[in-house]
Amino acid sequence: MAKNSFNKVKAGDLELKEKVVAINRVTKTTKGGRTFSFSALVVVGNENGVVGHGLGKAKEVQQAITKGIDDAKKNLIKVPVMHGTIPHDQFAKEGAAKVLIKPAAHGTGVIAGGSMRAVLESAGVTDVLAKSLGSANPHNVVKATFKALGMLREPISIAKTRGISLKKVFNG
């Protein structure tokens, strides 16, 4: 399977806001008793087209969140946001989670469930219709949403590839 070449971005001096999507407590039973550890799924974004996700694991919740933020800063992608929405419909699948995102008119808001909402808001999308199908596992839903956002193409690049005007891309 060919790996998609997403528009990777370096964290550099971007001002990123973080959102914790899910925290999971994991218990390991050993001879001496139970050992607890935590995993945190974190989404970071500058609310202007750059977003990233990461997973952190540690013995304490705060350390897990910090590790998740560091991991998210290493996985940043650029999302084409036009007038607060996305340029076109996109479907993506990760594991059993399927995700469908559609552009919406100004004033619609972010109509999306839990994990998808965090990713879309961090990316700076203000108007979008989204549906999560299949699995509701937050890890796979976030990854599927990232895959969908990574597959989005800017109308300007489509116009250049096809050799037509930008007006013709939108009006057929």
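The structure is a predicted model, in which local features need pLDDT of at least 70 and side-chain atom pairs count only at pLDDT 80 or more, while totals for chains, interfaces and linings use all residues. Residues are numbered from 1 along each chain as its sequence is written, and side-chain values use heavy atoms, with hydrogens and water left out.

## Overall architecture

The protein chain has five helices and nine strands, where helices (H or I, at least four residues) and strands (E, at least two) are DSSP runs numbered from the N terminus. Along the sequence these elements follow the pattern β-β-β-β-α-β-β-β-β-α-β-α-α-α. The C-alpha atoms fill a box of roughly 70 × 35 × 35 Å, taken along the principal axes. Of the 172 residues in the protein chain, 39% are buried; buried means under 20% relative accessible area, exposed over 50%, and partly exposed in between (1.4 Å probe, protein chains only). The protein chain exposes about 10000 Å², with carbon and sulfur atoms supplying 52% of it, and such areas come from the Shrake-Rupley method with a 1.4 Å probe, only the protein chains shown counting as cover for residues. Among contacts (heavy atoms within 4.5 Å) between residues at least 6 apart in sequence, 58% join residues at least 24 apart.

Five strands form an open antiparallel sheet in the order 1-5-4-3-2, two strands being paired if DSSP finds at least two bridges between them. Strand 1 (8-9) and strand 2 (17-30) stand at the edges with a single partner strand each, so one side of each is left without a neighbour in the sheet. Strand 2 and strand 3 form a hairpin with two residues between them, and 13 bridges join strand 2 to strand 3 (residues 33-45). Strand 3 and strand 4 also form a hairpin, with four residues between them, and glutamate 47 in that turn has a positive phi of about 55 degrees; eight bridges join this antiparallel pair. Bridge partners in these two hairpins include the following.

| Residue | Opposite residue | Strand of the opposite residue |
|---|---|---|
| Isoleucine 23 | Alanine 40 | Strand 3 |
| Phenylalanine 38 | Alanine 58 | Strand 4 |

Helix 3 lies across strand 2, strand 3, strand 4 (50-58) and strand 5 (76-78), running at about 155 degrees to strand 4; axes are lines fitted to C-alpha atoms, for helices over the stretch in contact, and angles run from 0 to 180 degrees between N-to-C directions.

Alanine 72 is found in helix 1 (residues 61-74) and counts as buried because its relative accessibility is 0%. Leaving aside neighbours within four places in sequence, alanine 72 is in contact with Val42, Val44, Gly52, His53 and Gly54. Alanine 72 and valine 51, 21 residues apart in sequence, are 8.4 Å apart in space from C-alpha to C-alpha.

Four strands form an open sheet of mixed pairing in the order 6-7-9-8. Strand 6 (90-94) and strand 8 (110-111) are its edge strands, each pairing on one side only. Strand 8 runs parallel to strand 9 (residues 128-134), to which two bridges join it, and valine 110 stands opposite valine 128 in strand 9. Helix 2 (residues 114-123) packs on this sheet, touching strand 7 (97-103), strand 8 and strand 9, and its direction makes about 145 degrees with that of strand 9. Seven of the 10 residues of helix 2 are buried, so helix 2 is largely enclosed by the rest of the structure; among them are Met116, Val119 and Leu120. Just after helix 2, glycine 124 takes a positive phi of about 95 degrees.

Helix 3 (residues 138-151) also lies across strand 6, strand 7 and strand 9, running at about 140 degrees to strand 6.

Leucine 133 lies in strand 9 and is partly exposed, with a relative accessible area of 32%. Not counting residues up to four places away in sequence, leucine 133 touches Phe91, Ala96, Ala97 and Lys98. Leucine 133 and leucine 100 are 33 residues apart in sequence and 7.7 Å apart in space, C-alpha to C-alpha.
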